[in-house]
Amino acid sequence: MAFSEKRENNGAAEDSNHSRLIKLREFDDTKLGVKGLVDAAVAKVPEIFRISNNNKHQLPSDLDHSSSGSVLTIPTTAAAAAVRREIVGGIRGSCEEWGFFQVVNHGIPEGILDEMIQGVRRFHELDPEIKKRYYTRDLISGFFLVSNFDLYRSAAASWRDTMGCVAAPDLPPPEQLPDATRDILIEYSKQVKRLSKTILELLSEALGLEPNRLNQLGCGAGQLLLGHYYPACPEPEVTIGVTDHTDASFITILLQDQIGGLQVLHRNKWVDVQPRKGALVVNLGDLLQLVSNDKFISVSHRVVPKRIGPRISVACFLRPLIHKGDTDSPPVYGPIPELLSEENPPVYVEADVREFMRIHSSRGLDEPSPLQHFRV
């Protein structure tokens with residue numbers, strides 16, 4: 001190719017990128033998110049949401065089969081030792097084979113689960129002028145609304161809006177939470193904090209560790225609670241609800257409604273995670289893969305859009321507690337020593353969590369996991 005042709009091609013690419021950036025800013029500046037597009041009765045998915053030809057692998061055309069995954073009953077502290085061993089064995093098998101499982105008998109009343117779903121829906125369907133007050137890309141403190149965390153970094157925007165806040169160690173003050181979801185957000189966060197401690201105990205045992213090991217490491221000290229809203233999509237075949245990714249957390253506890261759309265990657269095939277009334281989905285994140293030295297693997301997952309909706313889900317990400325301020329020493333995580341031996345040497349160096357999260361937030365959601373930066 002002649003130099004002039006290269007220059008022309010580079011110029012065309014720059015023009016295309018600049019045009020896309022303008023469209024992204026125009027969308028972002030409305031502060032109305034994808035819900036605003038649906039309210040405007042768009043008949044076509046806008047260009048910024050369309051998956052390009054070289055990214056067709058993101059489209060939901062390669063579904064293998066449906067599965068609800070392993071459905072496990074969380075034992076009470078008074079459960080017989082044999083029952084607990086059976087549950088721990090089930091969790092171990094699910095983590096090694098799938099990277100996720102569903103839990104029932106978790107102690108959160110079904111009425112609270114239903115009200116949490118409704119609370120997320122009420123907020124996202126508020127008057128647009130009220131919601132605009134919460135729209136921001138500063139997700140550090142307070143309650144927020146945003147559409148696409150990686151809007152300016154991803155190859156294609158996802159058909160999803162998100163509300164959320166830090167839930168642990170503490171929620172924002174009640175007066176900072178919107179009326180539409182305040183009471184249930186406070187109650188649900190309390191319930192999930194209790195449940196997360198139990199799940200981390202069971203995961204510790206599944207790894208062959210003392211029950212309190214992961215809790216002692218602070219794996220649930222920080223929690224981020226997000227309420228996702230996936231509006232009905234006029235062209236679900238050309239876009240994605242949320243792109244293929246792994247979570248940066250230790251684990252994610254997910255509540256989803258009955259519409260469906262969540263898929264996990266299993267043996268290079270996408271598998272539907274069928275909604276189960278009253279159940280919660282637990283999927284493993286990158287940090288658990290790191291501390292388990294690859295014994296448990298972070299699972300890739302995505303959400304496919306649908307013509308019906310909205311689909312609503314609530315995700316609680318269990319992560320380290322990262323203090324604000326440059327003088328604070330961030331937590332450092334590496335493979336847990338008890339899991340290492342001559343036959344099983346460390347495959348990761350210790351990771352500064354602040355750096356780990358910086359890498360995670362600086363990339364598009366569909367780009368490689370931060371784990372690759374910390375491999376030996």
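Modeller: There are 18 salt bridges in the structure. A salt bridge here is a side-chain nitrogen of Lys or Arg within 4 Å of a carboxyl oxygen of Asp or Glu. Two ground rules before the details. This is a predicted model, in which local features need pLDDT of at least 70, side-chain atom pairs count only at pLDDT 80 or more, and totals for chains, interfaces and linings use all residues. Residues are numbered from 1 along each chain as its sequence is written, and side-chain values use heavy atoms, with hydrogens and water left out.

Start with Glu235 and Arg50. Their side chains form a salt bridge, 2.5 Å from N to O. Glu235 sits in the loop between strand 6 (222-230) and strand 7 (242-245), and Arg50 in the loop between helix 2 (33-39) and strand 1 (63-67), so this pair ties together parts 185 residues apart in sequence. Helices (H or I, at least four residues) and strands (E, at least two) are DSSP runs, numbered from the N terminus. On accessibility, buried means under 20% relative accessible area, exposed means over 50%, and partly exposed is in between (1.4 Å probe, protein chains only). Glu235 has a relative accessible area of 10%, so Glu235 is buried. Arg50 has 24%, so Arg50 counts as partly exposed.

Now Arg84. One of its salt bridges is with Glu201, with the closest N and O atoms 3.9 Å apart. Arg84 belongs to helix 3 (residues 81-97) and Glu201 to helix 6 (residues 182-206), so the bridge ties together parts 117 residues apart in sequence. Arg84 and Glu201 are both buried. Arg84 also has a salt bridge with Glu205, where the closest N and O atoms are 2.8 Å apart. That pair again links distant parts of the chain, Glu205 in helix 6 and Arg84 in helix 3, 121 residues apart. Glu205 is buried, as is Arg84. Through shared partners, salt bridges join Arg84, Lys197, Glu201 and Glu205 into one network.

In soluble globular proteins, nonpolar side chains tend to be buried together. Take Leu203. Leaving aside neighbours within four places in sequence, Leu203 is in contact (heavy atoms within 4.5 Å) with Ile91, Cys95, Phe101, Leu214, Ile251, Leu284, Leu288 and Phe296.

Strand 11 (residues 280-284) comes next. Five of its five residues are buried. In a regular strand, side chains alternate between the two faces of the sheet. Leu280, Val282 and Leu284 are on one side of strand 11, Val281 and Asn283 on the other, and all are buried. Strand 3 runs antiparallel to strand 11 and is joined to it by four bridges. Two strands pair if DSSP finds at least two bridges between them. Phe101 has Val282 of strand 11 as its bridge partner. Strand 8 (residues 251-256) also runs antiparallel to strand 11, with four bridges joining the two. Here Ile253 stands opposite Val282.

Last, the backbone. Most residues other than glycine have a negative phi, and most peptide bonds are trans. Some places in this model depart from that. The peptide bond joining Ala168 and Pro169 is cis, with omega about 15°. Pro169 lies in the loop between strand 5 (161-168) and helix 6. Gly309 and Pro310 are also joined by a cis peptide bond, with omega about 10°. Pro310 lies in the loop between strand 12 (301-303) and strand 13 (311-319). Then phi. Lys31 is not a glycine, yet its phi is positive, about 60°. Lys31 is in the loop between helix 1 (3-30) and helix 2. At 36% relative accessibility, Lys31 counts as partly exposed. Asn105 is not a glycine either, and its phi is about 55°, also positive. The loop between strand 3 (100-104) and helix 4 (110-124) holds Asn105. Its relative accessibility is 52%, so Asn105 counts as exposed.
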